[in-house]
Amino acid sequence: MTTNTQVAVLAPLRKDQGPRTRGVAVAHDRPLIRLVAFAALGLYGVLRWGTLMNPAPTGRLLGLLAVAVALVGLGPVMIERERAGAVHRGATDPLTAVGAPLALIALLAVFPISGVPLEWTTHLRVSVTADGIGQGMSALPGILVPYAGINEWVRTVIVLGAAVLLLDAAMLLAFAPAGLGDLRRAGAALPLIALVVVPAVSVYPHLAYLQGLVLFGLLAFFMWGERVAPDRRGGVLLACAATGAVGMIVAPALDQHSPWINTVLTVSATPKVWSGEYWKSENLNMFDGTGWTAGGVGSGVGLPGVSQRTIGRYTQNLTVTIRAMSTTQVIAAGYATQPPGHLTTPPLPGTSDGTWTSASTLGPGDAYTVSVYTPHPKASTLAKAGTDYPAGVRQGDLALTLPQNPTAERVLPQTVLFPAFGTRDVPTVVTGRGGFTGTQAIKSSPYWPAYVLAQGLARKSKTPFAFVQRVMSYLSPANGFNYDEYPPLTQYPLLTFLFQNKLGYCQQFAGAMALLLRMGGIPARVSTGFTTGVYDQANKEWFITDVDAHAWVEAWFPHYGWVPFDPTPAAAPARGGRIPISSIGSFTGASPLQHQTRRADTLSGSTSGSSTVHTAGSSDTLLFVVLAVLAVLLVIVVFAWRRRRPLGPDGLLAELERALARSGRPIGAGVTLAAVERRFRTSPEAAAYVRTLRVARFAGGTDLPTLGQRRALRAQLRAGLGIGGALRALWALPPRPRRRRPHG
């Protein structure tokens, strides 16, 4: 019989194949236990992922988890039903046709849940969605965690990161062959572990050992829960409990007590430092019309009016060890009452009293001691402190240099000295043109609205402390001010912050507060350095990282001296000890590091010293871990793809019929393979694919179509299908791994 007479129509081909021989089901396959374990580990993961933002988007993350759980629960059930029906109809290779639609539905669902507008998803507005996600991705490397900014695309991208990890795990469990066994479970566990690990290395975790124990228990349940026989559960639980207990005992001993985030210095104090202490690099005590900067040298005024008893009460000795930074500035706290000791070179006075610099650069391993005065009086005590400011403090810390509005005379900036709080004196011009009064200098400058605001707040306050509290309240989120790491560049950034967008980070909040306090008659300045960091109970010292850099305000109170205040919102990363060092800088437009420029090579814009961090912060940890997880998952997918069982002639014929239907070219009953071959006569390689199958199926041929013939057929299937034709053809006839031809 010739080959042509042996060609059968494709419809009967389904019935001739007989039922497909399927592999033996994996023993102890308990889908309900697998689903519960996935949901438990996923729930813990999304709750931990939520710590990357403040406030945490708990509702959105739980919605993503629900989609993933539904995919894991419904996917295998629907696929099994489809395959059972196909086998019942006599299909030889009943590959699933519901997997791709299920995955697509889940993929589309996560976008509105993550924060993408629903109408953008329903109307398939791909370009605008991609543009928004691109904006969030471009800002992601420089964000501060926990993120408290108002850039919704950044928040959306962070939530989408959780969606990617959840869907990766869910699709592996739902669609990967059960024969992969532990490889499938390990591949699904990896992104779920990333949900927990990424926040742990980005935001210092509380009760870290306990959180690790919880992760261990959930991971053990996920990996082995469905495989443990009921009569062995007690022993397995006992073994897991013993392992966890040993881990809780051994972990503290193995812990190096060094955060994964770059530690720039450590500080130990005698007595232990007060909770919330800030580590100062320098004071920015001069306002040049654009921003705050350090200038000059210490006046030698010291702490006039502060008794030795008070100084002794609030003095402590610090031991500072430099880790991953280089600096000429002596990092201390408050007011350093004596020159630091144990430096390799004699210390030099800093730009303001109580600060010091080193003649040589301090680097990793250098350590020194310093005595610091850091007052923390009660609020009721500060309210009674009065306004008896020393003359040196009034002269140096109640003055502002204000630019003048453009005029025909091109008047130079005027330095104005503001009267002390509660007095009826008027502002006076310290430098500038004679006969130019202080009030005239203020009115003719862009800062007149700020002066009006400061005077209004001062008139409503009975005491200097009440004025400080009122300014802090005015700059709060309740009054419309929001924390944002990327305020727009403007000529007068503090005015823009106060009266236009009300957006800024620690520099804007601290700079604006110091400006208003001086205009209202309270000596004030901006201080830069680091927030408290994390206290290590084992070593009795504070770990300060490059993400703890910050700026705050110090105001002078009689009998106590400089008292710190922090106007930056409490929800901001810096207040939680998480702001990259690249965010700290000078408050002037003239220094190498401007108040709105991110650079990691200086700690502040002062010319008196500089601080360089040896390694960048951990703001890229999220991207790095997610990309690593995706890379590993890609390897697993490729490995599973290459292990796919090769199809024989019957399976390839069934696949061909299905591919024609999926590409919109279905064949009717009674159509022969010869007729199908003639359809592709314009492509010899595609026609050869069909002819090889025909010979192998009905003429006893041993050859199967080549990969080149398969690619040619796929090209024919996508012809005329428009932009989506390539994807549709890939879905219809997916690539298959290269197989060695049998010998003999």
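In the predicted model, Ser 380 is partly exposed, with a relative accessible area of 47%. This serine belongs to helix H12, which covers residues 379-383. Ser 380 and Phe 465 are separated by 85 residues in sequence, yet their C-alpha atoms lie 9.2 Å apart in space.

Over the chain as a whole, the secondary structure consists of 24 helices and 21 strands. The chain has 744 residues, and 49% of them count as buried. Among contacts with a separation of 6 or more, 72% are between residues 24 or more positions apart. The accessible surface amounts to about 33,600 Å², and carbon and sulfur atoms contribute 61% of that area.

Helix H2 runs over residues 31-49. Its 19 residues should span 27 Å at 1.5 Å a residue, and the distance of 26 Å between the end C-alpha atoms agrees with this. Helix H15, residues 448-459, has 12 residues and extends 17 Å from its first C-alpha to its last, close to the expected 16 Å. In H15, the buried positions are Ala 450, Tyr 451, Leu 453, Ala 454, Gly 456, Leu 457 and Ala 458. The cover over these buried residues includes helices H14 (438-443), H16 (464-474), H17 (493-499) and H18 (506-519).

Thr 266 is located in strand E1, residues 263-270. It counts as buried because its relative accessibility is 1%, under the 20% limit. Glu 655 lies in helix H20, residues 649-662. This glutamate is also buried, with a relative accessible area of 3%.

The largest cavity holds about 120 Å³ of space. Its lining is formed by 15 residues, and those nearest the centre are Gly 334, Tyr 373, Glu 554, Trp 562 and Pro 564. By class, the lining has eight nonpolar, three polar and four charged residues. Strands E19 (549-557) and E20 (561-565) each supply at least two residues of this lining.

The loop between E19 and E20 contains His 559. The phi angle of His 559 is near 75 degrees, a positive value in a residue other than glycine. His 559 counts as partly exposed, at 47% relative accessibility. A positive phi is also found at Lys 502, near 55 degrees. Lys 502 lies in the loop between H17 and strand E15 (503-504), and at 22% relative accessibility it counts as partly exposed. A cis peptide bond, with omega of about 5 degrees, joins Asn 54 and Pro 55. Pro 55 is placed in the loop between H2 and helix H3 (58-89). Most residues other than glycine have a negative phi, and most peptide bonds are trans.

Methods. Residues numbered from 1 in each chain as written. Predicted model: local features only at pLDDT ≥ 70, side-chain atom pairs only at ≥ 80, totals over all residues. Heavy atoms only, no water. Helix = DSSP H or I, 4+ residues; strand = E, 2+ residues; numbered from the N terminus. Expected span 1.5 Å × (residues − 1). 1 Å grid on protein atoms, 1.4 Å probe; cavity = no way out; pocket = protein on both sides within 12 Å on 5 of 7 lines; lining within 4 Å. Points joined across faces, edges and corners; volume = space filled by probe spheres on them. Nonpolar A, V, L, I, M, F, W, Y, C, P; charged D, E, K, R; others polar. Buried < 20%, exposed > 50% of the residue type's maximum accessible area, 1.4 Å probe, protein only. Contact = heavy atoms within 4.5 Å. Areas by Shrake-Rupley, 256 points an atom, 1.4 Å probe, with all protein chains shown as cover.
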